[in-house]
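Have the structure open while you read.

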Amino acid sequence: MPMPRNKTEDDITTEALQRFAGTQDPRLREIMLGLVKHLHAFVKEVELTEAEWFQAIEILTEAGRMCSDKRQEFILFSDTLGVSMVVDLISHRKPDGATESTVFGPFHRLGAPELPAGGNIAHLDKKGTPTLVSGQVLDLGGKPIAGALLDVWQAQSSGLYDSQDQDLGGELHMRGKFRTDAEGRYLIRTVLPVNYPIPSDGPVGAMLRATGRHPWRPAHIHFVVSADGYDPVTTHIFDRTDEYLGSDAVFAVKDSLICDFVRHEKAEGDARLGIAPPYYTTQFDFHLKPAAEQGATILDAQQRLAALGAAE
Ligand SMILES: [Fe+2]
């Protein structure tokens, strides 16, 4: 039976679904059929006009233009639409005692230096308040994991990442890789994290303004923690006192990731690496679960993603 020529909206949906139904790869078939079904339903539900459709094409074109070795507008769209966190939650559905994950974000860069325990990732930041982050990397039974790798990155006290800071001329800053010692311990010197607005000079910023949303993210420090034989975790730690914890522009806050940053007005105990007060300390233990049988592919995907943002 030939398809009728005077097609209705639903005829087009049916035909498009039939056209993709022969996709060989079963997962690709599932994804394409789901995409066409929901995309068509969305367009029909809001009765998208031709002018709105063209505006959407312009927005996506502009998003593509904004992307560079230092800017990833599509990740920002995914993050601010809440899609990144839905994907995160689907991928880490079962509570299993491991440290909870959150968004990777658009600011990771390859090539962060390996630093010794207590190494300062904020050596060029003269305005921030010195802060020590310490803790252990442990397995689910509480056994220390020696030699675990913590890849750390953070915004400067100006609220800008190094890649956004013209004065740095491409130099890496506020980034480091730390290894745990025999007791699974790590120690990072940085400055107190600050809240910052996500870049709002592109189409994502325009969307936030048009919809009455703010672009702020609560203060946080990014981590990817990995160790041989364990699933890596991509996460942040957040400052409990931040005013944006309840309205993070990218929906990334989880209760278990909120930390107390304790202010010290005078040098205490071990004099803490000779840092002059005032300074802050915070403590967070990471718990890793044994590697999944099919092997960890999260890190590979993240390396590819990071390569998009790698300033060479
Ligand atoms: Fe961030």
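Which residue of β9 does Phe238 stand opposite? Phe238 faces Ile258 in that strand.

A word on ground rules: this is a predicted model, where local features need pLDDT of at least 70, side-chain atom pairs count only at pLDDT 80 or more, and totals for chains, interfaces and linings use all residues. Numbering starts from 1 along each chain as its sequence is written, and side-chain values use heavy atoms, with hydrogens and water left out.

Now the layout. Five strands make an open, mixed sheet in the order β3-β2-β7-β8-β9. The edges are β3 (175-179) and β9 (258-259); each has a single partner strand, so one side of each lacks a neighbour in the sheet. Strands here are DSSP runs (E, at least two residues) numbered from the N terminus, and two of them pair if DSSP finds at least two bridges between them.

| Pair | Bridges | Sense | Residues opposite each other |
|---|---|---|---|
| β2 and β3 | five | antiparallel | Asp151 and Lys177 |
| β8 and β9 | two | parallel | Phe238 and Ile258 |

The hairpin of β7 and β8 has six residues between its strands, and Gly229 there takes a positive phi near 85°.

As for β8 (residues 233-239), seven of its seven residues are buried, so the strand is largely enclosed by the rest of the structure. Buried means under 20% relative accessible area, exposed over 50%, and partly exposed in between (1.4 Å probe, protein chains only). Val233, Thr235, Ile237 and Asp239 point one way from β8, while Thr234, His236 and Phe238 point the other.

Key. Helices (H or I, at least four residues) and strands (E, at least two) are DSSP runs, numbered from the N terminus.
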